[in-house]
Amino acid sequence: MEDFKVDMLAGGFALAEGPLYDSGRDTLYAVDINAPGFYQYDFRTGEGRRFPTPSHCTAVVQTDDEKFLLVALAQELVLFDKDGLTFTPYRKVELGEGMRFNDGAVGPDGALYIGTMMIDGPRSQVGRLIRIDRGGERVMEGFSFTVPNGIAFTKDYFYHIDSPADTLRRFHIEGDRLVEEKSFRFPAGSSPDGMALAEGGLIYVALWNKCAVAILDFDRAEVVGHIYTGKKCTSAVGIFPDGRLAITAGRADDGDGLIILTRSDDRPAGRFLYRL
């Protein structure tokens, strides 16, 4: 894995994250949290487009309506129309003064689970995990974050990362409860960020401070390889159905944030759709 070639797809980002591939449209979507804005790259035409947003743009997920994506801004959710290329308000969520959304994912129940954090940086563990569906929202008990990242699901498990703690945790889904099962701690200072689950069980984890993506066998508690990006602030990773990887990064002293492509031997684990 260390010898995989990486190629730049797009640059000029403040903090690119959340790569999401739409196979039906052969299009990659991502967020630029700090610019802020939303980005799409159409592989059919080779064209990329940016759409400014009024506040931090933090996460994007697919919905059960093929036409729309659900996009998280600082304290609200909006729908992005993939045909009209427009945003429509969906849900305003009161998070409290100085708080914003960060990473999120859809669970097997069709709800969005999204973490919150302080707007002006990771100062204290006051972030929460919020479950949002078309009927409303509620704070999940037993969760507190400094910087919530790496939120992902299988049909049986929920995963999340708290980046300053260098820890990835796994929870078993028991009805409407999430029960912690085990955790994995990366070397101190790695600052794991976004991640992607592969169908074979491996987890691809972006390491913010290591210019790399770690390939983790969670059940064996072992990092089995790395993909080196050569870019500081490596922030997130997404797996395409054909094994390609989209890896994002943020702005640092080595240049602007970017999206790069490489290949893996894996395929993505199943993804769930938000029920509109």
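Reader: What volume does the second largest cavity have?

Author: Welcome! This is a predicted model, where local features need pLDDT of at least 70, side-chain atom pairs count only at pLDDT 80 or more, and totals for chains, interfaces and linings use all residues. Residues are numbered from 1 along each chain as its sequence is written, and side-chain values use heavy atoms, leaving out hydrogens and water. A cavity is a set of points, on a 1 Å grid over the protein atoms alone, where a 1.4 Å probe fits but cannot get out; its volume is the space filled by probe spheres set on the points, which are joined across faces, edges and corners. For the second largest cavity, that volume is about 30 Å³.

Reader: Which strands each supply at least two residues of its lining?

Author: Lining residues have an atom within 4 Å of a point, and here they include A59, L70 and L112. Strands are DSSP runs (E, at least two residues), numbered from the N terminus. The ones you ask about are β6, β7 (68-72) and β11 (112-118).

Reader: And the largest cavity: which residues lie nearest its centre?

Author: This cavity has a volume of about 530 Å³. Its lining has 29 residues. Nearest the centre lie A105, I151, A152, M195 and R271.

Reader: Is N102 buried or exposed?

Author: You will find N102 in strand β10. Buried means under 20% relative accessible area, exposed over 50% and partly exposed in between, with a 1.4 Å probe and protein chains only. Because its relative accessibility is 4%, N102 counts as buried.

Technical notes
1 Å grid on protein atoms, 1.4 Å probe; cavity = no way out; pocket = protein on both sides within 12 Å on 5 of 7 lines; lining within 4 Å. Helix = DSSP H or I, 4+ residues; strand = E, 2+ residues; numbered from the N terminus.
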